[in-house]
Amino acid sequence: MNTPNTRSGRTSAGRMSAARLLPTSRGWRGVGWTGMLAAVAVAALLPWMLSSYHLSEASSVLYLSLAVLSVNLLTGMNGQLSLGQAAFVGIGAYSVVILVGDHGWTYPQAMAAGAVLAAVAGIVVAVPALRLRGLYVALTTFGIGLVFPTLLQKFTSVTGGSGGKSLTLAYLPPAGSGLDQGQWAYLVSLVVLVVAMLFVHLLKQSKTGRAIQAVRDNDIVAEGFGVPLARIKIATFALSAALAGLAGGLFALQRQFVSPGDLGLNTSIEFFVGMAIGGSVSVPGAVIGGLFLQYAPDLTQDLGITPIYTPAVYGGLLILIIIFARGGAAGLATTISQRLTRQPHSPPGLTADRPTQQDEPYSRSGIGREPPEEVL
Amino acid sequence: MELFVQRVIDGLSTGSIYAALALAIVLVFRATGTINLAQGEMAMFCCFIAWKLTDIGWPIVPAILVSMAAGFVGGAAIERVVVRPVEDAKDHLPIIIVTLGLLLAVDSLAGGLFTVDTERLDSPFPHGSWRVGGVHVGYDSIGLLAVIIVISVVIWFVFGRTRLGLHMRASVDNPESARLVGIRRSSMLMFGWGAAAALGALAAALVAPQTFVYTGMLQGVLLYAFAAATLGGFDSPAGAIVGGLAVGVVQDLVAGYITFIGNELSLLTALGIILAVLMVRPTGLFGRADSKRL
Amino acid sequence: MTTSKRLKIGTAVAAALALTISLTACGTTEKSNTPTSSGSAGGSAAGIDASACPDSATKEITGDTITIGQSGPLSGPYAAVGSANKTVKAYVDSINADGGLQTTAGKKKLKLITLDDQYQASKTQSNVRELVEQDHVSAIVGLVGTANGLAVAPYLDQQCVPSLFPLSGSTQLLQYKFTTVGQTYLDQGAVIGKYLKQKYPNAKVAVLYQNDDTGKDSLAGVKSQIDGTGISIVKEESYEPTDTDVSAQMTTLAATKADVLLGFAFSVKCTQALKNLQATSWRPVILTDTMCADNDINAANVPDIATKIYKTDANKTSQALYGSDADFKKFVATVTKEGIEPTATPVTAWVPFELDLAAISNAKPLSSVGIAEAARSLPADTHPGLLRDGIQISTTPGEPAIRQFYMDPWDPAAKGFGKSTEPPISAE
């Protein structure tokens, strides 16, 4: 990877002064971590800063972000197109509602079981997907997204069918903590999300993470270099499904109700949109995706757009992002910071009509491939 | 016995609907090398145009023809404006994502611009059914099957025996060489998307007498159509027809004779067909063996 | 520290955290949080114990406006049903234009807030929370969907805000004190069952039903009545809303040559079923419920069968039959002003809203709790304008309000269902 910092001496005068004011690339990393810690601290204080209604919205952002993170992992980092993620979320959610409601399990046990069941389902899907090319994986997961609600309605006695299933037992805060149920649900969700984000971030930087991304970029070459393709793809699918299952568990914890209508193809596509908006390889981008999914519908209504056109706005946004800003919000932030601190890293003219390999998320050369210096 | 025959006929009838949409999917694949997840929605949109025209008094056949023309223009425009910027001969995943966005957008636009209610569209074929012994088959089903067989032959002919088809195939199989020889890949792609959209419009109009016209009219069909295309081979028009009919018949017979699956899990059956085919014979029944672009 | 080491440490930390949380007693206690306001003993005659209700729910509404909220599918695959929400808005506009609603605390204007939930229960939950906690609505009206209604019922019981007559026919909603139900599919099925006993006491019956609670409840209602009689159900075929058509099911049912077909199929599927039926040689009597409307049958174009279709109905739905009825005229005028066609769906939204208005008018005191109690026990003479004459509202708390239905015959000449010449059948 380039370290264009060394070229900063060759920038124009104007850019040089800007470059000197801003941190070096390594410094950015420091800023990034401090920023992250500050964000987590603020998030942890929200239960005492927000009304219970706004806190419940923030709680939704948390499980939505976790679901988007799971899509980031599978599609952004590993290149396997997942258009049926709502199925794994659903497995986690129904596990909690059924195990806690009907079988007396505790919430943490049920959430763990949900994650494991989702992971098993992920493995079941991943094994056939091994032999398929991208197009067919997309098609298969598309099919899963469509089929999952019908499976729920097949086993109505267990799942409650189309009317959904209520969970009357709440996950109560520890006695004497002074928290109410909503605050507790928020904090539990926050902890789960932060741990998951940390894990995925560390994974990304590790050898395994690089292998995962290598499989996305060029699996034939990766295999030639000794990357165990099958194991990596299956493991990533399982991990992504587990994260989605956890998101489903949080969904059940917060809402105490689950129904097939929430877990259809539209929901899977929405997670996808969230991934695209936040930045498909960016871990913090998942939160941006979650924020978008929670607040964008209100925004469109406030903007005066007739509700019937809300999905068109989503679809239009997805298209625009793919065409113009494939890295999503994180990619945009990176590009802006790169422009401010140093020259563009490829000489102009050579690649006049096509972006460079490094800037080409979603392509064979990388869905949301990591920009040279990760800002966030 | 009579029941069995009727079930097979029902399956062929429903299967023709799957085959019709599958043909459009196959056409996009043949012409551009990618799949369009929004094929059903685009077809539905054009069907609404046909409906709108009949609503203001047009006869059915001209209305369908105009909707097909609108589909052609729309499909070509979508290719130029929305698909072209992410076009990459080697990698189709960005295009698939764009078609996802189209799926949402076109569905929503149809509801907003036309209506969210359900409307009727007349059939260009005569009313009623043909009765033989104890079994019956609707005239519009027979008509649909006849039309899609004809279209399938036309597609096979164009791709296999004409210069245009040769150019289109070259653009997909060997883009660099095609460009060197002077084939304008961009035009071929626009034509491919346009033709597929027009075909989708025709398919939607012909199934509308059975499914009626509403924004979700082809949503239920989409997965079955993909199963049909997978079974038949994504690059084979004949395969789309055989695949569609097979999926329809299998679905009916499974629903009728295997009560555990019954009607409730027929979508699962379709998914199962897709997976089974991809595992055992990824190129499908009639697909070509060298599908390395996949 | 290398990243792989960091990863290992990170994993260890994560695992430790997870273990700690699950093994220690850290907040793992669960208790039932069924709201105390639905306790059995004590409370008013309507069965509501308001002692645990927040003050905002028991406080009388001051000012000249009552704020109400609704959440429904204004976009997405079920946007067609959103016309119900538009109907409610049209009705509210017309009331305000006439000066407002008369209540026990004087004439009040209505302020209606409508939110989109795309038929997803999670979005309904968010919307209802917003309506209750941000907009401080006194009542929720016009919720669409069974899952949607069930998702918010416990919360509304806790907040003591009523969900007035949501658009759902599910009996599961009846257990909640603050949710009232207009009519259920279970009751419609029971009425059909009684009709079968009356008219076709030894019939063989085949059933087509939608595989969700609407279809299943209808079937269960029928079965509850014909158990132990000479009537036997020889075949049940279900279909999924995602199915392309119902030809397979109809073929199977036609093979039974049963005397009666029960068609619990919704709109397009109803039309398809009839078309398929026409193509076979089977000619049963067809009994259906409100899932199948006039234009569904007209669209099927089935001359052979059209004389033998009967349908449960409690409302005035047909322009032809009730065009000169004063209430129906008012309905048509109100909805067409907002661009809504006066078909069956707006009627199914209009009648519950009339019940909502009755609850608000009769609420004493005029507070959320007061409205909820009034809804649970409406005065016996309450009669929505679009409810047919001869049908009595049920005033028992915890039961649906409308439990009597006519069995109307299809009139091919009029291209619509005619008026039954017999008295309504009660599901009770």
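A disulfide is a pair of cysteine sulfur atoms within 2.5 Å. This is a predicted model, in which local features need pLDDT of at least 70, side-chain atom pairs count only at pLDDT 80 or more, and totals for chains, interfaces and linings use all residues. Residues are numbered from 1 along each chain as its sequence is written, chains are lettered from A and ligands numbered from 1 in the order in which they are written, and side-chain values use heavy atoms, with hydrogens and water left out.

**View 1. The disulfide of Cys270(C) and Cys292(C).** The two sulfur atoms are 1.7 Å apart, and the link is left-handed, with -60° about the S-S bond. Cys270(C) lies in helix H9 of chain C, whereas Cys292(C) lies in the loop between strand E10 (285–288) and H10, 22 residues apart; helices (H or I, at least four residues) and strands (E, at least two) are DSSP runs, numbered from the N terminus. Both cysteines are buried, where buried means under 20% relative accessible area, exposed over 50% and partly exposed in between (1.4 Å probe, protein chains only).

**View 2. The disulfide of Cys53(C) and Cys160(C).** Here the S to S distance is 1.9 Å, and the left-handed link has -85° about the S-S bond. Cys53(C) belongs to the loop between E1 and helix H2 (55–58), and Cys160(C) to the loop between H5 and strand E6 (163–164), 107 residues apart. Both Cys53(C) and Cys160(C) are buried.

**View 3. The interface of chain C and chain A.** Contact (heavy atoms within 4.5 Å) involves 50 residues of chain C and 46 residues of chain A. The rule finds one salt bridge across this interface, a salt bridge being a side-chain nitrogen of Lys or Arg within 4 Å of a carboxyl oxygen of Asp or Glu. Glu270(A) forms a salt bridge with Lys123(C), with the closest N and O atoms 3.4 Å apart. Elements giving two or more residues to the side of chain C that touches chain A include helix H1 (3–23) and helix H4 (121–134) of chain C. The largest share of that side, 10 residues, comes from H1(C).

**View 4. The interface of chain C and chain B.** In this view, 28 residues of chain C are in contact with 28 residues of chain B. H9(C) gives the most, with seven residues.
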